[in-house]
Amino acid sequence: MSETILLPLRNYRPWAEAVAGAAAAVESSDVTALLLHVFDEEERASTRANIDDDGSMTVDDLAARKSGIVAAREILQDAGVSVEVRGREQVETTADSILTVSDEADVDRLYLYGRKRSPTGKAVFGSTLQRVLLNATVPVTVVPSNVTG
């Protein structure tokens, strides 16, 4: 039975590479990695304006062109992991979008990036990370900021 992991990724290549590298190091080749990019309205519009002249691309197609997704896909495919890309227009918070996709896709695990924080900020995770950790119905792996792809 194949399992599915979810990697919600920002369009920041080093973070995407770190998360993909961590997942590739522990997952087997019978896993499908679902790479998710959540677009806010402004980012979706600017991405569409930059790469979709005729407006025919789906939000999944737009997500597949984001540099963080491209980098993560390469790392995971090189490790023998099957990859699917999903884009989602943000109609709720980013955390709620991640949780919704996690439930809809019936994923088995989540991989998230944990940004470096100041000593005060370490007491509380970022709001997206915290909300996902507290509300996910599957195990969540947080890749620390000192891990590189």
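Contact here means heavy atoms within 4.5 Å.

## Basis

This is a predicted model, in which local features need pLDDT of at least 70 and side-chain atom pairs count only at pLDDT 80 or more, while totals for chains, interfaces and linings use all residues. Residues are numbered from 1 along each chain as its sequence is written, and side-chain values use heavy atoms, with hydrogens and water left out.

Helices (H or I, at least four residues) and strands (E, at least two) are DSSP runs, numbered from the N terminus.

## Two loop residues

Lys66 lies in the loop that joins α3 (59-64) to α4. Its relative accessibility is 10%, and Lys66 therefore counts as buried (buried is under 20% relative accessible area, exposed over 50%, partly exposed in between; 1.4 Å probe, protein chains only). Leaving aside residues up to four places away in sequence, Lys66 touches Asn11, His37, Phe39, Glu43 and Thr47.

Asp106 sits in the loop between α5 (94-104) and β4. With a relative accessible area of 59%, Asp106 is exposed. Its phi is near 50°, a positive value in a residue other than glycine.

## The sheet

Five strands form an open sheet in the order β3-β2-β1-β4-β5, with parallel pairing (two strands pair if DSSP finds at least two bridges between them). β3 (82-89) and β5 (140-144) stand at the edges with a single partner strand each, so one side of each has no neighbour in the sheet. From one strand to the next, the twist averages 25°.

β4 (residues 109-114) and β5 are joined in the parallel sense over five bridges. Leu110 has Val140 of β5 as its bridge partner. Helix α6 (residues 127-135) packs on the sheet and touches β4 and β5, its direction making about 155° with that of β4. Angles run from 0 to 180 degrees between N-to-C directions, and axes are lines fitted to C-alpha atoms, for helices over the stretch in contact.

## Packing of α1 and α4

Helix α1 (residues 13-26) packs with helix α4 (residues 67-78) at an angle of about 25°, their axes being 8 Å apart. The two helices are therefore roughly parallel to each other (angles under 35 degrees count as roughly parallel, over 145 as roughly antiparallel, 65 to 115 as roughly perpendicular and the rest as oblique). Their crossing is right-handed, meaning that the near helix is turned clockwise from the far one by less than a right angle.

On the α1 side the contact is made by Arg13, Ala16, Glu17, Ala20, Gly21, Ala23 and Ala24, and on the α4 side by Ser67, Gly68, Ala71, Ala72, Glu74, Ile75 and Leu76. By class, this contact has eight nonpolar, three polar and three charged residues; Ala, Val, Leu, Ile, Met, Phe, Trp, Tyr, Cys and Pro count as nonpolar, Asp, Glu, Lys and Arg as charged, and the others, Gly among them, as polar.
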